[in-house]
Amino acid sequence: MSWGREVRAEDLMEVLFTELPRPAPIQLPGFQNSPRTWNRRKLGLDCDEVYPDIFVGDAATVRDKQYLKEIRITHVLNCAEGRRAGHLNVNGWYFQDADIKYLGLPLDDMPSANIEDYFQCAAHFIDCALYHGGRVFVNCMMGVSRSATIVMAFLMLRRGLGAVEAVRTVRRRRDVWPNAGFLHKLAELHNRLRQARQQQQRCNQRSYFYLPLPYASIGAPMAQP
């Protein structure tokens, strides 16, 4: 993956337009062995595995605890927690009887939302789940903007993908559309990570070239203990 240049929100929007998801109809996770293609609307379910053991879906699907059990979900990350319109009023108690760990983020699907404030804690939650062999369901209301952005940020922070690669990875597996403000936040994250990597590389180079040699290497006897 290349960190050679900075990216802009416009670059990520171009990826959304050029990187088309798999052609419909797509079978739901859990129904891959079925001889027929299932109608998502008829089932009232909508989710996709966008990265190994990471699923992105909508509010109706995350409420279906029996389905979550069938696809072996161990963790739920609700990116639309709350009682207002456009939010999903569930919490950790809702999933307790299903033995599912829960994290809720009270995010609005608005370009002005400070979604970057939650990038680190969400990435930590997902990473811990995967490290312990779990499977994570990340949702918002439709499963296309808030949840997708959080997963893309995770791929950048914990899997080393640049923003373009992260957007492309999720977009290939689900028809996601983060809003323009979220794309701007992903571009900013990419540019910060890129700068940090460059600084680390320069520090590593200086450490390699200027590492002090032992005194004995220039002809003096090494001190005895």
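The following exercises, with worked solutions, concern a predicted model.

**Exercise 1.** Determine which residues have the most contacts inside the largest nonpolar core, and which element gives the most to this core.

*Solution.* Begin with the core itself: the largest nonpolar core has 44 residues, and Leu 77, Ile 126, Ile 150 and Leu 186 have the most contacts inside it. Next, consider the elements that give two or more residues to this core, among them α1 (9-18), α5 (119-131), α6 (146-159) and α8 (180-209). The element that gives the most is α6, with eight residues. Finally, take Ile 150: beyond its neighbours within four places in sequence, Ile 150 contacts residues including Leu 77, Leu 105, Phe 119 and Ile 126.

**Exercise 2.** Classify how α5 and α6 pack, whether roughly parallel or roughly perpendicular.

*Solution.* The angle between α5 and α6 is about 75°, and their axes are 9 Å apart. Angles of 65 to 115 degrees count as roughly perpendicular, so α5 is roughly perpendicular to α6. Residues making the contact include Phe 119, Ala 122 and Ile 126 of α5, together with Ile 150, Ala 153 and Phe 154 of α6. By class, this contact of α5 with α6 comprises nine nonpolar, three polar and three charged residues.

**Exercise 3.** Locate Cys 140 and decide whether this residue is buried or exposed.

*Solution.* Cys 140 lies in the loop between β5 and α6. Its relative accessible area is 2%; because buried means under 20%, Cys 140 is buried. Leaving out residues up to four places away in sequence, Cys 140 touches Gly 57, Asp 58, Ala 59, Cys 79, Ala 80, Ser 145, Arg 146 and Ser 147. An unreviewed UniProt entry annotates Cys 140 as "active site".

Key:
Residues are numbered from 1 along each chain as its sequence is written. This is a predicted model: local features need pLDDT of at least 70, side-chain atom pairs count only at pLDDT 80 or more; totals for chains, interfaces and linings use all residues. Side-chain values use heavy atoms; hydrogens and water are left out. A nonpolar core is a set of buried Ala, Val, Leu, Ile, Met, Phe, Trp, Tyr and Cys residues joined through side-chain atoms within 4.5 Å. Buried means under 20% relative accessible area, exposed over 50%, partly exposed in between (1.4 Å probe, protein chains only). Helices (H or I, at least four residues) and strands (E, at least two) are DSSP runs, numbered from the N terminus. Contact means heavy atoms within 4.5 Å. Axes are lines fitted to C-alpha atoms, for helices over the stretch in contact, and angles run from 0 to 180 degrees between N-to-C directions. Angles under 35 degrees count as roughly parallel, over 145 as roughly antiparallel, 65 to 115 as roughly perpendicular and the rest as oblique. Ala, Val, Leu, Ile, Met, Phe, Trp, Tyr, Cys and Pro count as nonpolar, Asp, Glu, Lys and Arg as charged, and the others, Gly among them, as polar. UniProt positions are given in the numbering used here, feature names are shortened, and annotations may be inferred rather than shown by experiment.
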